[in-house]
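Grab a pencil and work through these exercises one step at a time.

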Amino acid sequence: MNSQGSLSVSDESIARLLCDDNHVEEAVRLIMKKYGEPLYWHIRRMVVAHDDAEDCLQETMINVYKYRSTYSNEYPLSSWLYKIATNESLKLLKNRSGFTMSVDDLGDSLKDSVREEASPDADETLILLQEAIALLPAKQKMVFNLRYYDDKSYEEIHQIVGDSVNTLKTNYHYAVQKIKDYILEHQL
Amino acid sequence: MKDFDLESLSREMPYRMPEHFLDDMTERVVAQIGKQRKHRVERRIVALFASAASVAAVALLFLHPFGGGFDIPDYESISQCASVDEVLQNMTADELGVYSMMSNYYGN
C-alpha cells in the first residue's frame, strides 16, 4: 500500500513544477504517480467506500492545484498532500453526519460499510481490523492509520494533523487498545 | 487476559482498487485543471477588456463637448472657407466636366 513506485523525481522538483503555471499539469501527473496510491488508501481507510474515496481524492488533487501557492517547502510535500487529503476526508464525513451528529457518530455506519466494501476473498481478521478502525473517533483513526499503515513518524503526523506529539502518542495508544479489544472480542 | 499482536497482521487492505483507477483519475484531474485554467484566462481577458473600456469611457468624458475637449469650428473659421463659386473658377475643364456630370446625377 505504501508503494510510491519507482518514480525518482524529488519532491523539491515536483514542488517547483507545481508553482510554475506552465508546468502545473505535469506536476499534478507526477504527484498522482508518486502519491496517488498512498493518498487513495489513506482516504479510503477514513471514508471506507470506494466512491467516496474517489470523490475525496479528486477534490484533494483539485485543491492541490488551487492552493499550490500556499505550499511552503518548510514541510515535506507529502505532509502537505496528506493534510489536504485528511481534510477532504473529514469534510466528506462531516457532510455525511449532518448538523445534528458529529463525525465520530458515524462509526457504526462506517463499520457496516467495511463488510459491504470488502472483497469476497478478504481475510476475516483484516475485515475485523478495519471494522475496529471504523469505530474509532476521527482523531484516533487518523493517527493510527498514518502511523500503522503509512509508517509516518509522530513529527510527520504532527505536520498533518496539527496536535502535539504527546497528544498524538496518547491517541495512538488508545486506538491500539480499542482495536485489540474489538478484535479479541469478535474473533472466532 | 488474552493479548493480540497487532504487528503480526498484514498491512494489506480487505478492499480492492478498481483497475486503471489512478490513471483514469489522473486524466480527469488534469482535464478539470485545464478547464479551470482556461476559465481563469477568460476571466482575465474579460477583466482586461473591462478595464480598457473604463479607461476609454473616462477618456471620452474628457473629450466630450461639455468637457471642452472637442475642437468645434467656430463661425469665423467657417466663414473663412472658400465659396463654391471660387472653387468652380479654379477648376480645370476636366474637373468641371466631372462636376457637371455629378450635379446632374444627384439632381443638384
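**Exercise 1.** Work out which hand the crossing of helix 7 of chain A and helix 8 of chain A has.

Step 1: Helices here are DSSP runs of H or I with at least four residues, numbered from the N terminus. The model is predicted, so local features need pLDDT of at least 70 and side-chain atom pairs 80 or more, while totals for chains, interfaces and linings use all residues. Residues count from 1 along each chain as its sequence is written, and chains are lettered from A in the order written.

Step 2: Helix 7 (residues 138-148) and helix 8 (residues 154-161) of chain A pack at about 140 degrees, axes 10 Å apart. Axes are lines fitted to C-alpha atoms over the stretch in contact, and angles run from 0 to 180 degrees between N-to-C directions.

Step 3: From helix 7 of chain A come A:Met142, A:Val143, A:Leu146 and A:Arg147, and from helix 8 of chain A come A:Ile157, A:Ile160 and A:Val161. Contact means C-beta atoms, placed from the backbone, within 7 Å.

**Exercise 2.** Find which hand the crossing of helix 1 of chain A and helix 2 of chain A has.

Step 1: This crossing is left-handed.

Step 2: The axes of helix 1 (residues 11-18) and helix 2 (residues 24-47) of chain A come within 7 Å and cross at roughly 145 degrees.

Note on methods
Helices (H or I, at least four residues) and strands (E, at least two) are DSSP runs, numbered from the N terminus. A crossing is left-handed if the near helix is turned anticlockwise from the far one by less than a right angle, and right-handed if clockwise. Two residues are in contact if their C-beta atoms, placed from the backbone, lie within 7 Å.
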